Amino acid sequence: AISYALRPDTAERFEQFAGDDHLIAEYIRAEVLSRLSPAKVRFLARSSVLDELSGPRCDAVLQRTRSAEVLAQLARANVPMSAVDPSHEHFRLHGLFREMLQTELRRAEPELRPGLHARAADFYSAAEDADRSIEHALGAEDFWRVGRLLWSNLLGYLGAGRSGEVQEWLDRVPAPRIAECGPLAL
């Protein structure tokens, strides 16, 4: 409420209200993260690169095992996440909570982010989920991979009327990098 009240314009209040806000982050640290072990906090911060958490996804991206157990423990500990399936094997972190964790990861372990995104891109490529693979390749700044994925799926995207999404992905690649990568340049 304090963070919201400090915003001058009503329209800006909603646009700028995010998990990386200092006051929100402090609240989450005090009310949620302080109850968890450092290992679980690290697990959450590192897995926050994923939009949906599951044991196999977290194992692949975090290069570990038994992530499904950790997710079940976190769900029982009332961490702000919700199951997206009836068996409670797939979860989504609350938006503000995820944003806060991503900010923590950028600050505390920035060198890990590209590798986490690269492994997520690998996971989604193997699962034939080109959209998520492209998103994570962008996060890893692997622009050659972005180019290959876009090029190999371009006809399907354009045929499905998704040219706007393709343009958004291209807009996220720095112009000099597009020129260096044949598939992106095409």
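**Exercise 1. A buried arginine**

In which helix does Arg 57 lie? Decide also whether Arg 57 is buried or exposed, and list the residues that Arg 57 touches.

Solution.
- Step 1. The model is a predicted one. In this model, Arg 57 belongs to helix α5.
- Step 2. The relative accessible area of Arg 57 is 10%. Buried means under 20%, so Arg 57 is buried.
- Step 3. Leaving out residues up to four places away in sequence, Arg 57 touches Leu 50, Glu 52, His 90, Phe 123, Tyr 124 and Arg 132.

**Exercise 2. The chain as a whole**

State how many helices and strands the chain has, what share of its residues is buried, and how its contacts and surface are made up.

Solution.
- Step 1. The secondary structure consists of 13 helices and 3 strands.
- Step 2. The chain has 186 residues, and 35% of them are buried.
- Step 3. Among contacts with a separation of 6 or more, 53% are between residues 24 or more positions apart.
- Step 4. The accessible surface is about 10,400 Å². Carbon and sulfur atoms account for 53% of that surface.

**Exercise 3. The second largest pocket**

Describe the second largest pocket by its volume, the helices that line it and the classes of its lining residues.

Solution.
- Step 1. The space in the second largest pocket is about 160 Å³.
- Step 2. Its lining is made of Ala 39, Arg 42, Phe 43, Arg 46, Val 61, Leu 62, Arg 64, Leu 112, Leu 116 and Arg 119.
- Step 3. Helices α4 (38-47), α5 (55-62) and α8 (113-126) each contribute at least two lining residues. The most comes from α4, which supplies 4 residues.
- Step 4. Sorted by class, the lining holds 6 nonpolar and 4 charged residues, and no polar ones.

**Exercise 4. The buried side of α4**

Which residues of α4 are buried, and what covers them?

Solution.
- Step 1. Phe 43, Leu 44, Ala 45 and Ser 47 are the buried residues of α4. Phe 43 is also one of the residues lining the second largest pocket.
- Step 2. The cover over these buried residues includes β1 (53-54), α5, α6, β3 (90-93) and α7 (95-108).

**Exercise 5. Positive phi outside glycine**

For Asn 78 and Glu 141, give the phi value, the place in the chain and the accessibility.

Solution.
- Step 1. As background, most residues other than glycine have a negative phi.
- Step 2. Asn 78, which is not a glycine, has a positive phi near 60°. Asn 78 sits in the loop between α6 (67-76) and β2 (81-83). Its relative accessible area is 61%, and Asn 78 is exposed.
- Step 3. Glu 141 also has a positive phi, of about 55°. Its loop joins α9 (130-139) and α10 (143-159). With 55% relative accessibility, Glu 141 is exposed.

**Exercise 6. Salt bridges across the sequence**

How many salt bridges does the structure hold? For the pairs Asp 122 with Arg 145, Asp 131 with Arg 162, and Arg 172 with Glu 135, work out which parts of the chain are tied together.

Solution.
- Step 1. There are 12 salt bridges in the structure.
- Step 2. In the salt bridge of Asp 122 with Arg 145, the closest N and O atoms are 2.7 Å apart. Asp 122 is in helix α8 and Arg 145 in helix α10, so this pair ties together parts 23 residues apart in sequence. Asp 122 is partly exposed at 40% relative accessible area, whereas Arg 145 is buried at 14%.
- Step 3. Asp 131 and Arg 162 form a salt bridge with an N to O distance of 2.5 Å. Because Asp 131 lies in helix α9 and Arg 162 in the loop between α10 and α11 (163-171), the pair ties together parts that are 31 residues apart in sequence. Asp 131 is partly exposed, at 25%.
- Step 4. The closest N and O atoms of Arg 172 and Glu 135 are 2.8 Å apart in their salt bridge. Arg 172 is in the loop between α11 and α12 (175-180) and Glu 135 in helix α9, so the parts tied together are 37 residues apart in sequence. Arg 172 is partly exposed at 44%, and Glu 135 is partly exposed at 34%.
- Step 5. Salt bridges with shared partners link Asp 51, Glu 52, Arg 57, Arg 92, Asp 129 and Arg 132 in one network. Arg 57, the buried residue of Exercise 1, is one of its members.

Key: Residues numbered from 1 in each chain as written. Predicted model: local features only at pLDDT ≥ 70, side-chain atom pairs only at ≥ 80, totals over all residues. Heavy atoms only, no water. 1 Å grid on protein atoms, 1.4 Å probe; cavity = no way out; pocket = protein on both sides within 12 Å on 5 of 7 lines; lining within 4 Å. Points joined across faces, edges and corners; volume = space filled by probe spheres on them. Nonpolar A, V, L, I, M, F, W, Y, C, P; charged D, E, K, R; others polar. Buried < 20%, exposed > 50% of the residue type's maximum accessible area, 1.4 Å probe, protein only. Contact = heavy atoms within 4.5 Å. Salt bridge = Lys/Arg side-chain N within 4 Å of Asp/Glu carboxyl O. Areas by Shrake-Rupley, 256 points an atom, 1.4 Å probe, with all protein chains shown as cover.
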